[in-house]
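Colleague: I am new to this one, so please show it to me and then walk me through it step by step.

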Amino acid sequence: MPITDPALLKIVEERVLNKLICRKCGAKNPPGATKCRRCRSRNLRPKRKRIGVKK
Ligand SMILES: [Zn+2]
C-alpha cells in the first residue's frame, strides 16, 4: 500500500528509519541506544535511507 500523503510519509519515514541496526547480529535497536539489546555489542549503525530527495 503506497503512501501518498507527503506529511504522513515523513512521519512513517522517521518511524521506520530512525533505528539502529546491530552490525553483529542485525537486531533493531531504538534510536539513542548505545548498545545492542540482544548481543550488547556497541557496533551499531543507523538505518537511514533516502526515500525522498532531501538535501
Ligand atoms: Zn547485536
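Modeller: One term is needed before anything else: helices (H or I, at least four residues) and strands (E, at least two) are DSSP runs, and they are numbered from the N terminus. In that numbering, Arg 48 belongs to the segment after β3. Please keep in mind throughout that this is a predicted model.

Colleague: What does the secondary structure of the protein come to?

Modeller: There is one helix, together with three strands, and along the sequence they follow the pattern α-β-β-β.

Colleague: And what is the mean pLDDT of the protein?

Modeller: The mean pLDDT is 84, with 85% of the residues at 70 or more. Taken by element, the lowest mean belongs to α1, at 82, and the highest to β2, at 93.

Colleague: On to the strands, then. What is the order of the three strands in the sheet?

Modeller: The order is β2-β1-β3, in an open sheet whose pairing is antiparallel. The edge strands, each pairing on one side only, are β2 (28–29) and β3 (44–47).

Colleague: How many bridges join β1 to β3?

Modeller: Four bridges join β1, which covers residues 19–22, to β3, and the two run antiparallel. Within that pairing Lys 19 stands opposite Lys 47 of β3, while Ile 21 faces Arg 45 of β3.

Colleague: How many bridges do β1 and β2 pair over?

Modeller: They pair over two bridges, again in the antiparallel sense, and Leu 20 has Asn 29 in β2 as its bridge partner. β1 and β2 also form a hairpin, with five residues between them, and in its turn Gly 26 has a positive phi of about 80°.

Colleague: Which residues of β1 are on the covered face, and which on the uncovered one?

Modeller: Leu 20 and Cys 22 make up the covered face of β1, whereas Lys 19 and Ile 21 are on the uncovered one.

Colleague: How many of the 12 residues of α1 are buried?

Modeller: The number buried is zero, so α1 lies largely in the open.

Colleague: Going back to Arg 48, is it buried or exposed?

Modeller: Arg 48 is exposed, with 9 other C-beta atoms within 10 Å. The C-alpha atoms of Arg 48 and Val 16 are separated by 9.0 Å, although these residues are 32 apart along the chain.

Colleague: Now the loop between β2 and β3. Where does Cys 39 stand, partly exposed or exposed?

Modeller: Cys 39, which is found in the loop between β2 and β3, is partly exposed, because it has 13 other C-beta atoms within 10 Å. Leaving aside residues up to four places away in sequence, Cys 39 touches Cys 22, Lys 24 and Cys 25. Cys 39 and Ala 27, 12 residues apart in sequence, have C-alpha atoms 8.6 Å apart in space.

Colleague: What about Arg 40, and what is its phi?

Modeller: The phi of Arg 40 is near 60°, a positive value in a residue other than glycine. Arg 40 is also in the loop between β2 and β3, and with 10 C-beta neighbours inside 10 Å it counts as exposed.

Colleague: To finish, what share of the 55 residues is buried?

Modeller: Buried residues make up 5% of the 55. As for contacts between residues at least 6 apart in sequence, 22% join residues at least 24 apart.

Note on methods: Residues are numbered from 1 along each chain as its sequence is written. This is a predicted model: local features need pLDDT of at least 70, side-chain atom pairs count only at pLDDT 80 or more; totals for chains, interfaces and linings use all residues. Two strands pair if DSSP finds at least two bridges between them. A residue is buried if 20 or more other C-beta atoms lie within 10 Å of its own, exposed if 12 or fewer, and partly exposed in between; C-beta atoms are placed from the backbone. Two residues are in contact if their C-beta atoms, placed from the backbone, lie within 7 Å. pLDDT is the predictor's confidence in each residue, from 0 to 100.
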